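Hi there,

Here is the structure I promised to pass on to you. Have a look at it first, and my notes on the ligand and its surroundings follow below.

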Amino acid sequence: MKIKKDKLPIHIGFIMDGNGRWATRRGLPRKMGHKKGADVLEKIVDYCFEVGIKYVTCFAFSTENWKRPQEEIDYIFGLLRDYIKKQNEKNASSGNNELKQRNIKICVLGDISKIPEDLQKELEKIEKDTDNCDAFVLNIAMNYGGRDDIVNAVNTLIASGKTKVNEQDISNALYTKGMPDPDFIIRTAGDIRLSNFMLYQSAYAELYFTKTFWPDFSPKHLNKALNSYAKRNRKFGKLN
Ligand code: IPE
Ligand code: IPE
Ligand code: MG
């Protein structure tokens with residue numbers, strides 16, 4: 001079923017959970033789940049772009065995920081490095097400029113000063129190269145935490161000399177500055193929590209939880225979620 005454009009979220013956040021359990025259930029190492037999860041992300045992002053969603057935020061690594069074994073952390077960073085490097089190479093070889101050709105902008109949300117330097121450089125490069133693209137925005141939440149986002153915003157405001165702030169000032173100092181808040185947040189793998197994802201921005205987000213593990217999540221599952229969103233009555237405090 002085709003969903004009417006005005007019933008689609010403008011901004012979707014994905015809490016891509018369940019990679020490890022997906023792998024473990026198959027007797028595979030957890031990293032295989034992350035690998036399949038990265039492939040799924042590319043497909044889901046393409047699908048969002050096709051149907052006309054304007055912003056997608058994927059939660060790739062949280063400020064709490066440093067508590068995992070170093071080997072797993074390195075593997076997750078490696079997957080992101082492979083993807084961004086591939087995109088940067090395509091951007092460099094003119095004519096094969098996939099992201100720019102499709103007018104897709106990449107933004108990184110989170111404090112990347114803590115991640116390996118070569119990956120920081122690749123991320124900074126892709127952000128700079130796609131800065132003028134405006135058909136679609138893919139936010140990669142990397143070393144992202146909703147609380148860190150707010151703390152960082154407050155420190156930015158203090159540094160700018162402000163002694164009193166309003167909600168708009170805070171929004172404008174978050175990693176998502178200039179972007180609309182997420183309308184719809186989807187979490188896979190059955191846990192019903194936000195795990196520090198977009199705490200300020202999610203004030204009026206519609207939430208959707210599915211038991212499907214992220215590596216099994218497909219455009220078909222996303223359509224089901226989008227149909228649920230389309231039927232919801234977003235009241236924002238009003239009577240109807
Ligand atoms: C989500 O999958 C990916 C990241 C947190 C990076 P998990 O690795 O959390 O998978 P489970 O929850 O252990 O199954
Ligand atoms: C949330 O998943 C973070 C990401 C998807 C990157 P986690 O697996 O880290 O969340 P918890 O620990 O189950 O709350
Ligand atoms: Mg998890």
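Predicted model: local features only at pLDDT ≥ 70, side-chain atom pairs only at ≥ 80, totals over all residues.

In all, 13 residues surround ligand 1, and the closest are M16, D17, R21, R30 and R68. Some of these make polar contacts through their side chains. For R68, a polar side-chain atom lies 2.7 Å from an oxygen atom of ligand 1. The corresponding distance to a ligand oxygen atom is 2.8 Å for D17 and 2.9 Å for R30. The protein covers 87% of the 370 Å² of accessible area that ligand 1 has on its own.

Which elements build the shell? Two or more residues come from each of α1, α2 and α3, and α1 gives the most, with three residues.

Now for the site itself. Ligand 1 takes up the space of the largest pocket, which has a volume of about 1000 Å³. The lining of this pocket counts 45 residues, and M16, N19, F59, A60 and I76 lie nearest its centre. By class, the lining residues divide into 19 nonpolar, nine polar and 17 charged.

While α1 gives the most to the shell around the ligand, α2 gives the most to the pocket lining, with 10 residues. Among the other elements that supply at least two lining residues are the strands β2 (55-62) and β4 (136-144), as well as α3 (70-92) and α4 (98-101).

How values were computed: Residues numbered from 1 in each chain as written. Chains lettered and ligands numbered in written order. Heavy atoms only, no water. 1 Å grid on protein atoms, 1.4 Å probe; cavity = no way out; pocket = protein on both sides within 12 Å on 5 of 7 lines; lining within 4 Å. Points joined across faces, edges and corners; volume = space filled by probe spheres on them. Helix = DSSP H or I, 4+ residues; strand = E, 2+ residues; numbered from the N terminus. Nonpolar A, V, L, I, M, F, W, Y, C, P; charged D, E, K, R; others polar. Near = heavy atom within 4 Å. Polar contact = N/O pair within 3.5 Å; in protein donor to acceptor, adjacent residues only side chain to side chain. Areas by Shrake-Rupley, 256 points an atom, 1.4 Å probe, with all protein chains shown as cover. Sits in = over half its atoms within 2 Å of the grid points.
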